[in-house]
Amino acid sequence: MSVLAHGIGSRHDLPLSPFYAFAGAFAALFVSFLALGLLWSDSRFRGDRAGHPIPVALQRLADARPTRVAARVLGLAAALFVLLHLLLGPDGPERNPAPGAVHVLLWVGLVPASLLLGPVWRLLNPLRTLHLLVCRALGRNPAAGCPLPAHLGLWPAAAGLLAFAWLELVAPDPASSTALLLFFVLHGVVHLAGAARHGARWFDQADAFEVYSGLLARLSPLGRRPADRRLVLRSPLNGLDAVPQTAGLVATVCVMLGSTAYDGFADAPSWITTVQTSPLGRTTAATLGLLAAVALVATLYALCAGATRLISGQLRHPLTAFAHSLVPIALGYLVAHYFTLFVTEGPRTVMTALGTDNAVAPEPPLAPGGVATLQVAAIVIGHVLGVVAAHDRSVRLFPPARAVAGQLPLLALMIAYTIGGLTLLLV
């Protein structure tokens, strides 16, 4: 398996005491839960209504046609660059920048890009741009098409994320040109056909990378108010509160969480031995492991939602009501697992793209102890933000007498996810 498919160091790379890490994590969760229960009795988040408008000049620059055209051209040029290197370049990430561009600059790079700039893939998406160009050539409105079924929601995006996770973490050679070409050909055909039938709104709900970027962008301080289309600076938790309660949202976030968790234990010697000696074969065993990780995350959340409904006595859709609280947890996992990959393989990929032969990845900017601290902090902060988001939603939905009790299943879930996340890092 290529190093591009793994972002987490081994246990020996993380010189941090598991006792202090677990103790600190539990203390942070319990203290935040108690403080919120005592001091936060009314909902404070206003979702898409919140935020302070940015200066008009910056708004005009961001919305200017040249800015948007430049972003679309950049996305098309990057896609063409990757395709040409996959078709004509040498195989393997050592001499070909295309695998690194996909697994590192695209998949991992979308995390900081979306957090800083919002849902950037919506502008960069080359498939959306191709659809737009074809529609203009045919004199057709890009938004025209059959309405999407209400029950479809984000399910296509969840399936797309799972397919990419399989390519990255399970495929025998995820960095091979053949595997990447096959994935992107199928990806392009499916989404261009979907957009041809349903219009550009198809990408909003079905494109895995757009949905992935859009969910992460909910935690960006930069947002846009739907009412007047103004760009605003806001608390990231206000953006998180505005995550639509759409069908397939839970599945999408559970794929993000479960696939990252699987990446955390896929390098464990015991698991490597299991898949290599399995009578089912390596690929089948690894596929089942990936599916089991996603299913475990989803099952724990479903049990939590069921318990929340029993305690509240009135919540009709607990699965989607609190799904937004999983987004910062997924972000924490992504940062913890892929930080070292991005800061080492990212520059090496750029150097390879610029023509440097046998480019060497730079040393991480942090020592092993610093990396360990960052990873643990990312997981803990992600869970604390999840507790805050869940608490604010609880005091809005539940009667005051049940607002705190209704969160106990969510607290138990956060503890379970924290134990799992820290175990993958430290044990």
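Two strands count as paired if DSSP finds at least two bridges between them. Helices (H or I, at least four residues) and strands (E, at least two) are themselves DSSP runs, numbered from the N terminus. What you're looking at is a predicted model, where local features need pLDDT of at least 70 and side-chain atom pairs count only at pLDDT 80 or more, while totals for chains, interfaces and linings use all residues. Residues are numbered from 1 along each chain as its sequence is written, and side-chain values use heavy atoms, with hydrogens and water left out.

**View A. The whole chain, before zooming in.**
Count up the secondary structure and you get 19 helices and 3 strands. The chain's radius of gyration (taken over C-alpha atoms) is 22 Å, close to the 22 Å that the globule rule (2.2 Å times the number of residues to the power 0.38) gives for 427 residues, so the chain is as compact as a globular protein of that length. Its C-alpha trace spans about 65 × 55 × 45 Å along the principal axes. Buried residues (under 20% relative accessible area, with exposed meaning over 50% and partly exposed in between, using a 1.4 Å probe and protein chains only) make up 50% of the 427. As for contacts (heavy atoms within 4.5 Å), take those with a separation of 6 or more: 80% of them join residues 24 or more positions apart.

**View B. An open sheet of 3 strands.**
The strand order here is β1-β3-β2, and the pairing is antiparallel. On the edges sit β1 (52-53) and β2 (222-224), each pairing on one side only. In general, strands of a sheet pair through backbone hydrogen bonds, either parallel or antiparallel. Look at β1 next to β3 (residues 231-233): the two pair in the antiparallel sense over 2 bridges, and H52 stands opposite L233 in β3. Now follow the loop between β2 and β3 and you'll find R229. Its phi is near 65 degrees, a positive value in a residue other than glycine.

**View C. L219, in the loop between α11 (208-217) and β2.**
L219 may sit in a loop, but it is buried, with a relative accessible area of 8%. Skip the residues up to four places away in sequence, and L219 touches L115, P236, L240, V327, P328 and L331.

**View D. A206, in helix α10 (residues 201-206).**
This alanine counts as buried too, with A206 at 1% relative accessibility. Its contacts, leaving aside neighbours within four places in sequence, are P156, A157, H191 and V211. Check G153 as well: it is 53 residues from A206 along the chain, yet their C-alpha atoms are separated by 8.0 Å.

**View E. P362, in the loop between α17 (327-353) and α18 (368-397).**
Here's a partly exposed residue: P362 has a relative accessible area of 32%. Apart from its neighbours within four places in sequence, P362 is in contact with V343, T344, P347, R348 and M351. Then pick out L58, which is 304 residues from P362 in sequence and 35 Å from P362 in space, C-alpha to C-alpha.
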